[in-house]
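Biologist: I would like to learn how to read the packing of helices in a model such as this one. Could we go through it together, step by step?

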Amino acid sequence: MAEEENKPDQRKKTEKELADEQLKQNILAASDQVKGEQLIISPTGDLERQREILQTALSNIDDPEKKFDLYYKGINRLLRAHLPKGPSNKAARDFIYEEKNTYLTRGKRIRKDGTRGGDGRMTYNTDADEMLQIIMEWIMENGTMVDLFNKLRDLNISKGYGTRAF
């Protein structure tokens, strides 16, 4: 019997080991109690619990109103306001619009028959945000049409969308 007490596998657990094991059990049990909730302050000023999983899942869903605002009130409005107007500048504007739409459709270039196979207005919000940022930087830098075209073309090339075959 004395031999069995000396074997490490069969010896009795000390009080410290029992306390450590109990601590581990308590930590694991506590982690299961509150899952995916956090306290937030509501728009009315009340303290509420919010399930993080719902917030995370819903944050990746496209918001049609934001998409509309980004495209029409942001990208389109800024380009119309800051690109040269008139029929003599139409070809230059079209080059820039082509690069913009290629990026927003993730690489779909306009075909010879005039179709693209994608709609830049239906782009991902993250892509529209990036396009809006590029356009705003171009405006703040007082850039030329060549500068904007080069930025957009380089962006398309960096994403693997290639260049337009004229």
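Biologist: Against which helices do the buried residues of H6 pack?

Modeller: In this predicted model, the buried residues of H6 pack against helix H4 (64-82), helix H5 (90-104) and helix H7 (145-158).

Biologist: Which residues of H6 are buried?

Modeller: An α-helix has 3.6 residues a turn, so residues three or four places apart point the same way. In H6 the buried residues are Asn125, Asp127, Ala128, Met131, Leu132, Ile134, Ile135, Trp138 and Ile139.

Biologist: What span should the 16 residues of helix H6 have, and how far apart are its end C-alpha atoms?

Modeller: At 1.5 Å a residue, helix H6 (residues 125-140) should span 22 Å, and its end C-alpha atoms are 22 Å apart, which agrees. After H6 comes Asn142, which has a positive phi, near 55°.

Biologist: How do the axes of H4 and H5 cross?

Modeller: Two packed helices are described by the angle between their axes and the distance between the axes. For H4 and H5, the axes come within 12 Å and cross at roughly 160°; since angles over 145 degrees count as roughly antiparallel, H4 and H5 are therefore roughly antiparallel to each other. Their crossing is right-handed. On the H4 side the contact is made by Tyr71, Ile75, Asn76, Leu79 and Arg80, and on the H5 side by Tyr97, Lys100, Asn101 and Leu104. By class, this contact of H4 with H5 has five nonpolar, two polar and two charged residues.

Biologist: How many helices and strands are there in the chain?

Modeller: The chain has seven helices and two strands, and from the N terminus on its elements run α-α-β-β-α-α-α-α-α. Buried residues make up 24% of its 166 residues.

Key
Residues are numbered from 1 along each chain as its sequence is written. This is a predicted model: local features need pLDDT of at least 70, side-chain atom pairs count only at pLDDT 80 or more; totals for chains, interfaces and linings use all residues. Side-chain values use heavy atoms; hydrogens and water are left out. Helices (H or I, at least four residues) and strands (E, at least two) are DSSP runs, numbered from the N terminus. The expected span of a helix is 1.5 Å times one less than its number of residues. Buried means under 20% relative accessible area, exposed over 50%, partly exposed in between (1.4 Å probe, protein chains only). Contact means heavy atoms within 4.5 Å. Axes are lines fitted to C-alpha atoms, for helices over the stretch in contact, and angles run from 0 to 180 degrees between N-to-C directions. Angles under 35 degrees count as roughly parallel, over 145 as roughly antiparallel, 65 to 115 as roughly perpendicular and the rest as oblique. A crossing is left-handed if the near helix is turned anticlockwise from the far one by less than a right angle, and right-handed if clockwise. Ala, Val, Leu, Ile, Met, Phe, Trp, Tyr, Cys and Pro count as nonpolar, Asp, Glu, Lys and Arg as charged, and the others, Gly among them, as polar.
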